[in-house]
Amino acid sequence: MKVPRGILLFCVLSLSACTTFHGVTAVSPEVGNPKFPPTVDSLQPTLKWELSDQPDVTFDLIIYEGLVTESFWRGTERSVGKQVYYREGLTEREHHLAEALKPSTEYYWAVRTRRNDAVSPWSRYDYFLFLGTAWVKGNNLLFMFKTPSEPTAKEGT
Amino acid sequence: MNTRVSKFSSRRDFEHPASSPHTLWVASLFLFLLPLILHMGCASSIDLGEMDSKTEGGIDSLLHEESVVFGRINVVSDGRPVNWPNSTAGKVFRFGAGEFRVLVHSETGSKVFSYTLTDDGSFAWHLPPGNHAIAGYEWHARPGGPNRLSGRIWAEFLVHDKGALIYIGTLVINFLDGRYSMTVEDNFNEALTKVSAEFPYLNGPRSKQLVRLEKGP
């Protein structure tokens, strides 16, 4: 069946999402709609990011536990909790966590660049999803992920 | 005398969290369910002022299991302290400066409570023994600004025992030029006078354990 171009264009325009990064770009886990953080496959995930045009910098990584509250009239609310992990002066653009996180828990993470003692602001991103008649919008957000409910077979042993 | 005791302050960016548009049917449903919602909101409150019984017996029975934590959250915007609505209508419809809520995380049972500031931000909470933290804030309908701001605070305090009156200080959150910073002040006598006037039946050993702001990396 041939779909008219007008309808196709309308569908594309009414289902558009936009992510803008400030600082480094999160590569893995991918970030997107902050209401649905991606689930990583391990309690010690490898976080990856990229940054162009700054060859001589190292990276600091910070992870906070997420606090999720459910209420009848406010729905699901998320906030940033306790700092649980911090590494400074990483030379690679990825980091395998040295400690296991809690299962089934949401986490926030951010990366900043470092040149000796000078550091950049922590990475953030803006997100906008337009669904034709409704939208999801968030500015200045930390990257997020959720841990799996069980450790992987390798982690469990 | 007020003594500034913070050894450091932190300066942070706002967050504008994800939001969805309100629709007419949600508003209608809200109005229909308002009495139920208000009742449910009170059920999990840590606000001492929302206790069913503020008599001597009521307070005594509360202090068998929990302690009273008091202090103040002083929000300063563009150099001026903000005064918050104290009526139910003012809170619901966000008159004046809007609604400023703090989230209080209780490590005991991993619960998060929400508390809406009134007047000058003085508060009296009832909490069980354990580690707690003022985790973050949400400022709704900020006049002349974005509809909703939120950010992290993470000011930790300890409730060491049951039946105590614990002063945790004045947490000053200073909003200026699109950013906010925090300090902790000690105004013990002023706060004790205020809480004693509001809750005359509060008795118990008094102590001071000021909140600890997280040292940023």
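Let me begin with an open sheet in chain A, in which three strands are arranged in the order β2-β3-β6 with antiparallel pairing; strands here, like helices, are DSSP runs numbered from the N terminus, with at least two residues (E) for a strand and at least four (H or I) for a helix, and two strands pair if DSSP finds at least two bridges between them. At the edges stand β2 (25–28) and β6 (94–96) of chain A, and because each has a single partner strand, one side of each is left without a neighbour in the sheet. Neighbouring strands of this sheet are turned against each other by 25 degrees on average, direction ignored, where the axes are lines fitted to C-alpha atoms, for helices over the stretch in contact, and angles run from 0 to 180 degrees between N-to-C directions.

Residues are numbered from 1 along each chain as its sequence is written, and chains are lettered from A and ligands numbered from 1 in the order in which they are written.

Staying with that sheet, β2(A) pairs with strand β3 (residues 46–50) of chain A in the antiparallel sense, over three bridges, and A:T25 stands opposite A:E50 in β3(A). In the loop between β2 and β3 of chain A we find A:G32. Leaving aside neighbours within four places in sequence, A:G32 is in contact with A:A17, A:T19 and A:Y127, a contact being two residues whose C-beta atoms, placed from the backbone, lie within 7 Å. From C-alpha to C-alpha, A:G32 and A:T19 are 6.9 Å apart in space, although 13 residues separate them in sequence.

Now for chain A as a whole, whose secondary structure comes to two helices and eleven strands, following the pattern α-β-β-β-β-β-β-β-β-β-β-β-α along the sequence. Of its 157 residues, 24% count as buried, and among contacts in chain A with a separation of 6 or more, 70% are between residues 24 or more positions apart.

Chain B has four helices and 14 strands, and 31% of its 217 residues count as buried. Here, too, is an open sheet, with five strands in the order β7-β6-β9-β10-β14 and antiparallel pairing. Its edges are β7 (111–116) and β14 of chain B, each with a single partner strand, so one side of each is left without a neighbour in the sheet. Moving across it, strand β6 (residues 99–106) of chain B is joined to β9(B) by eight bridges, with B:R101 having B:E138 as its bridge partner in β9(B). Strand β9 (residues 130–140) of chain B is in turn joined to β10(B) by ten bridges, and the two run antiparallel; there, B:A133 has B:E156 as its bridge partner.

How many of the twelve residues of β10 in chain B are buried? Nine are, so that this strand (residues 148–159) is mostly covered.

Finally, a word on confidence, which pLDDT gives for each residue on a scale from 0 to 100. Chain B averages a pLDDT of 80, and 70% of the residues score at least 70. Over residues 1–10 of chain B, however, pLDDT stays under 50, and over residues 35–43 of chain B it is below 50 as well. Where pLDDT is low, the predicted coordinates should not be read in detail. The model scores ipTM 0.73 and pTM 0.77.

How values were computed:
Predicted model: local features only at pLDDT ≥ 70, side-chain atom pairs only at ≥ 80, totals over all residues. Buried ≥ 20, exposed ≤ 12 C-beta atoms within 10 Å, placed from the backbone. pLDDT = per-residue confidence, 0-100.
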